[in-house]
Amino acid sequence: MKWTWLTVAILSAVVTACEAPLSPTDDGSTWSEISMGAGHGCLLNAEGRIACFGANSRGQLGLGNSASPADPAYLPVGPGFVQIDAGAYHTCAIGPVGGVWCWGANDEGQLGLSDRSDRDLPVRLDLPGTYVSVSAGLAHTCVTRFDGIALCWGSNVDGRLGIGSGEPGPFRPVVVEGSWASIAAGARHTCAADRAGALYCWGWNEFAQLGTGTKAATVVPTRVSAASTLLNPAVADDFSCAQDTGALLFCWGGRSAGVPIAGAGPGIGTPVAWADRPVADYSTSSDGLCVAYFDGGVRCDGPGSDRAGLPEWLLGLRGVGRIAWGSDVVCVLSLTGSLDCF
């Protein structure tokens, strides 16, 4: 998850104060993937096993209980998982042979199990086909399939599912019209890159986070106003970002200092270059935006960046493979798979 809805982040900070701290220690494991939610985080190790840590009030750690370990605890599932995404209070992953697994909060049907009951253990969804990516938002989830099909489910307030209406639900997966390469589910809006390199967004748009040149909400995928090919989208609560083919980062929308402002650029919500050199990985949250550059260094901007407590040496750190910004914590994975959180 590359977003954190502000209200959830505040509530999560209160919850996690009574649970495990969201700052795990490195036990020497080799990690390949990290994702941070509002109050919890999950990792994949080199064998594709899942380990999670932090808040667990809704079963979002997938441990089969409500324990909140301070350090990563392995889930009772086997190896072979290839991608994981931590939502606000739920988590989903792509498992062996392209299956989709979800667990945690399900009050809005965000687990895709056709009901509204929480799960504290990973459950495989009954979905046909081979899936390549999953994105867990505040209360909805989206996946992309090998053949370009995208499915979304959960809360549809503001039209965040992109299915042509703003009606509540559905709790079962539904197809989003188009042929998609990647998708990012946020708090109240969603963005996706199609297989031709065009970017589309839909849902809530009060701060022009859809990048469509207006502040009008839309319930169907609508083309982002950009001349460049944009890929690898990520969304926060009120702004969105994506990378061009040269790995430069563009962002739009936003209401806070340090992140894009809705009026920037020649039109409302027009994507503007945020980073001045290629970005290896980036993470969005309600606190702002963090990037790791290919040529070294980590940069965090936004109203919460001073709270991240980044040490000076990190600003020039080389060899960062992945970066994730959670609730007042920034975690980085090195290219060799070691974990550091601040």
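Here is a walk through this structure, from strands and sheets to a few side chains.

Keep in mind that this is a predicted model, in which local features need pLDDT of at least 70 and side-chain atom pairs count only at pLDDT 80 or more, while totals for chains, interfaces and linings use all residues. Residues are numbered from 1 along each chain as its sequence is written, and side-chain values use heavy atoms, with hydrogens and water left out.

Let's start with strands E5 and E6. E5 covers residues 83–86, and E6 covers residues 90–94. A hairpin through three residues takes you from E5 to E6. The two run antiparallel, with four bridges joining them; two strands pair if DSSP finds at least two bridges between them. In general, strands of a sheet pair through backbone hydrogen bonds, either parallel or antiparallel. Look across from Asp85 and you'll find its bridge partner in E6, Cys92.

Which way do the side chains of E5 point? Gln83 and Asp85 go one way, Ile84 and Ala86 go the other, and all are buried. Buried here means under 20% relative accessible area, exposed means over 50%, and partly exposed is in between (1.4 Å probe, protein chains only).

Now move over to Thr91, which lies in E6. Its relative accessibility is 0%, so Thr91 counts as buried. Its side chain has a polar contact of 2.8 Å with the side chain of His40. (A polar contact is a pair of N or O atoms within 3.5 Å; within protein, one must be able to donate a hydrogen and the other to accept it, and residues adjacent in sequence count only if both atoms are side-chain atoms.) Leaving aside residues up to four places away in sequence, Thr91 also touches a set of others, among them Cys42, Gln60, Ile84, Asp85 and Trp103. Contact means heavy atoms within 4.5 Å.

Ile50 and Ile84 are 34 residues apart in sequence, yet their C-alpha atoms are 8.3 Å apart in space. Not counting residues up to four places away in sequence, the residues that Ile50 touches include Leu43, Tyr74, Phe81, Ile84 and Trp103.

One is open, with four strands in the order E9-E10-E11-E12 and antiparallel pairing. Its edge strands, each pairing on one side only, are E9 (131–136) and E12 (174–176). On average, neighbouring strands are turned by 30° against each other, direction ignored; axes are lines fitted to C-alpha atoms, for helices over the stretch in contact, and angles run from 0 to 180 degrees between N-to-C directions. Five bridges join E9 to E10 (residues 140–145), and Tyr131 stands opposite Arg145 in E10.

The other open sheet has four strands in the order E13-E14-E15-E16, again with antiparallel pairing. Here E13 and E16 (218–223) are the edge strands, and the twist averages 15° from one strand to the next. E14 (residues 189–194) is joined to E15 by five bridges, with His189 and Gly203 as bridge partners.

Finally, the rings. How many aromatic pairs does a search of the whole structure find? It finds five. Rings of Phe, Tyr and Trp (its six-membered ring) pair if their centres lie within 6.5 Å; planes under 30 degrees apart count as stacked, over 60 as edge-to-face and the rest as tilted. Trp180 and Tyr200 have ring centres 5.5 Å apart and planes at 85°, so they make an edge-to-face pair. Trp180 is in E13 and Tyr200 in E15, so the pair ties together parts 20 residues apart in sequence. Trp180 and Trp202 form a tilted pair, at 6.0 Å centre to centre and 55° between the planes. That pair also links E13 to E15, across 22 residues. Both Trp180 and Trp202 are buried, and ring pairs link Trp180, Tyr200 and Trp202 into a cluster.
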